[in-house]
Amino acid sequence: MSPTPPRLQITAATTDPALLDLPWHVPLEQWPSEVLAALPRGISRHIVRFARLSGGVVAIKEIGETVAYREYELLRQLRKLEIPGVEPLGVVTGRHAPDGEPLEACLLTRHLSFSLPYRALFSQSLQPDTATRLIDALAVLLVRLHLVGFYWGDVSLSNTLFRRDAETFAAYLVDAETGDLHDKLSPGQRSYDLEVARVNIIGELMDLQAGAFLSEDVDAVEIGDAIVVRYQELWRALTERESFSYGDRWRVQQRIDRLNDLGFDVGELDITTDIDGTTVRIQPKVVDAGHHSRRLMRLTGLDVQENQARRLLNDLDEYRAATDRQMEDESFVAHDWLTDVFEPAVRKVPREFRKKLEPAQVYHELLDHRWFLSQQQNRDVPMKEVVKSYVKTVLPTRPDEQAVLGVSAEDLRETETGSMPRVHPDEVDGDMLIG
Amino acid sequence: MATVTYDHATRLYPGSERPAVDALNLHIEDGEFLVLVGPSGCGKSTSLRMLAGLEDVNAGRILIGDRDVTDVQPKDRDIAMVFQNYALYPHMTVADNMGFALKIAGTPKAEIRTRVEEAAKILDLTQYLDRKPKALSGGQRQRVAMGRAIVRQPQVFLMDEPLSNLDAKLRVQTRTQIASLQRRLGVTTVYVTHDQTEALTMGDRIAVLKDGLLQQVGTPRDMYDTPANVFVAGFIGSPAMNIGTFPVQGDAADLGQAHVVLPREAVSAISSEDKGQITVGFRPEALDVVPQGTADAIPVVVNIVEELGSDAFVYGSLGRGVAGEVRSGAGDSQVIVRVDPRQVPGKGETIHVRIRPGEQHLFHAGSGERISA
């Protein structure tokens, strides 16, 4: 019953001594601007800040102690299950103000570099189907979460970060506060999560419309409904039981190919035949996302996203054909492609432009640019020329996306070039935290 | 509005031998505020999620009104989970924040406005309807979130530890608001918490669960005055009840140098399973400090005094010569005594306390069940 002395405790997977230098005795809301990287501008229930730490950026969320530990553990478990999400760094408890007043615990996560909040994406003058591509990415994430037994409880665009993935996006889970990990989800849990997702997405889009950041012509309800359709299609493709007659055994391979096309590997396939052996039933039991990115990783050691990998693998196939090496071991060819084609191209990007896009995304855009130049000049433009033209004409107009932190729709509307302004740390005022 | 009935509802997780919720029978009246409370892993959240449709029911059934919803999809159950996600949209007005779910459902504009205005009136938000959430205080924002659920006019509100993310001050404030709001709305509400104070202050009735089994259901007064077993006795009340098991000698529980006189009915109720022992419970506030030498007085050595202004509590251990073990919320071998805050004993002193007549709780030493005497 004796009063506990003020004692700061940091629970972290990797202890970075620089953590101790942050002003834990000050409420997060009042942290001095010199430690902050930027201010978040999204919809959040809690106070969240981004701070610089040992050359990187960390997100710090002020939250109750039990909830903080719980979310930290959940995020760790999700990482073990290879779910794309933010990396938990640690929990800080036992915070006290100099006058002894206890302060709330903090959950620390590493900022995901090159990730983009949905508000930033909607406000850029991107292609008109951005919304659809974000929804597709979120549907894939939700299916992957449900496959491992994770019930999210608060699926929304705000609780997700997006990274460019070739011409699409990859979604990352940011907030696991309301989540729960089960052995297996019931249909009720999945359908409730999906309904929450639908309603939240529509609400978030309506909010953008209310703020005039998204055209009134966009049908928010239709986009929200799309996640239900996309989710259900993918869920069925991945889990549905299928029967056919014994003579149609080729359909086993067809199913595996279809799953590979969707970006999934089949880890375990349940095959049963009935007693007289005329009917075969198959059902995927274990599916793992990342079919293409795993294959590229094995061949080249490059760690990139699924659709970027798909694009790079296609280029590798073309290289193989062009150099007439189809009979050779694929991994030897892949090694040569990496050193002769991929690396020289991305290395041509001047240092000052490297914060704009990830190398794999740059390469994806180079391939697009090559197609564009070749069409224009009616010849096969060599990569060397493509890179030169891309660095000169395309890249300088692109925003820096390595650390887009405090960008809100408001900031973006004021600039017409479509460039991504960085939020100045001094701009403490327009901060918007609700709830 | 509707009643809620759990009829032998059971949830057994695959691979587990003991059900998470074991044949729960519970009837919740129309408009009632029922709190499910218990330690972690007791099955309270699972029970709520079964009602929400988020957990399968393996045996038994669940009814909302007369309708069996055991196999109905969550979104078709006409229930609202409150506070699960209460982030407000910054660019929408308060009215739009409250009404957008109706807009999605295709409700006519005029009806949305009527329902939003009605909810705003109950929530004292009428004059803020056309403002943005940014202009509201923390408490008002909470009420807007509540309004979102109210405008849907569900049959039942479900709340799963809605206050756990709030800081202590806002928690107490919001607790009162939710309880009074629920009474004004009269919507049947099932509320889950691990905090017995929250349960006592908010619920019309409380259901205490442990290990998936319903221990007792009743009004806060019932739970406090006549706990059905040792578990409920120790769980409800703050600071917790002192509980000890002692041999019965004649018509009294024998504490060595001290003893507690037992009613004759209690002595005759003792069964062979109790092995001649009885469990005695007494709340910190049911003890009087008496002069040394008073009959039936129990000596307590003061370890720590906690002064709270209006109250003071002694955390002590049984004095020398007293046999048997007493445990309380403060831990094993700890006795808690409420004392006059103006006459606080010093650390290390021995005080003598006596259980006020009729304020002791008696339980079977074997089964832990209450002995009604």
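This is a predicted model: local features need pLDDT of at least 70, side-chain atom pairs count only at pLDDT 80 or more; totals for chains, interfaces and linings use all residues.
Now turn to the contact between the chains. On chain B, 32 residues are in contact with 32 residues of chain A. Two elements of chain B each give two or more residues to this side: α2 (94-104) and β16 (298-307). The largest share comes from α2(B), with four residues. By class, the side of chain B that touches chain A holds 17 nonpolar residues, seven polar ones and eight charged ones.

Two packed helices are described by the angle between their axes and the distance between the axes. For α2(B) and α3 (residues 109-122) of chain B, the angle is about 135° and the axes are 10 Å apart. Why is α2(B) called oblique to α3(B)? Angles over 145 degrees count as roughly antiparallel and those from 65 to 115 as roughly perpendicular, with oblique kept for the rest. The angle of about 135° therefore makes α2(B) oblique to α3(B). The crossing of the two helices is right-handed.

Which residues make this contact? From α2(B) come B:A95, B:M98, B:G99, B:L102 and B:K103. From α3(B) come B:I112, B:R115, B:V116 and B:A119. Sorted by class, the contact of α2(B) with α3(B) has six nonpolar residues, one polar residue and two charged residues.

Next comes a sheet in chain B. Six strands form this open sheet, with mixed pairing. Their order is β6-β7-β8-β3-β9-β10. Which strands lie at the edges? They are β6 (79-81) and β10 (213-218) of chain B, and each pairs on one side only. Neighbouring strands of the sheet are turned by 20° against each other on average, direction ignored.

Follow the sheet in from the edge strand β6(B). Strand β6(B) pairs with β7 (residues 156-160) of chain B in the parallel sense, over three bridges. At residue level, B:A80 has B:F157 as its bridge partner in β7(B).

How values were computed. Residues are numbered from 1 along each chain as its sequence is written. Chains are lettered from A and ligands numbered from 1 in the order in which they are written. Two residues are in contact if their C-beta atoms, placed from the backbone, lie within 7 Å. Ala, Val, Leu, Ile, Met, Phe, Trp, Tyr, Cys and Pro count as nonpolar, Asp, Glu, Lys and Arg as charged, and the others, Gly among them, as polar. Two strands pair if DSSP finds at least two bridges between them. Axes are lines fitted to C-alpha atoms, for helices over the stretch in contact, and angles run from 0 to 180 degrees between N-to-C directions. Angles under 35 degrees count as roughly parallel, over 145 as roughly antiparallel, 65 to 115 as roughly perpendicular and the rest as oblique. A crossing is left-handed if the near helix is turned anticlockwise from the far one by less than a right angle, and right-handed if clockwise.
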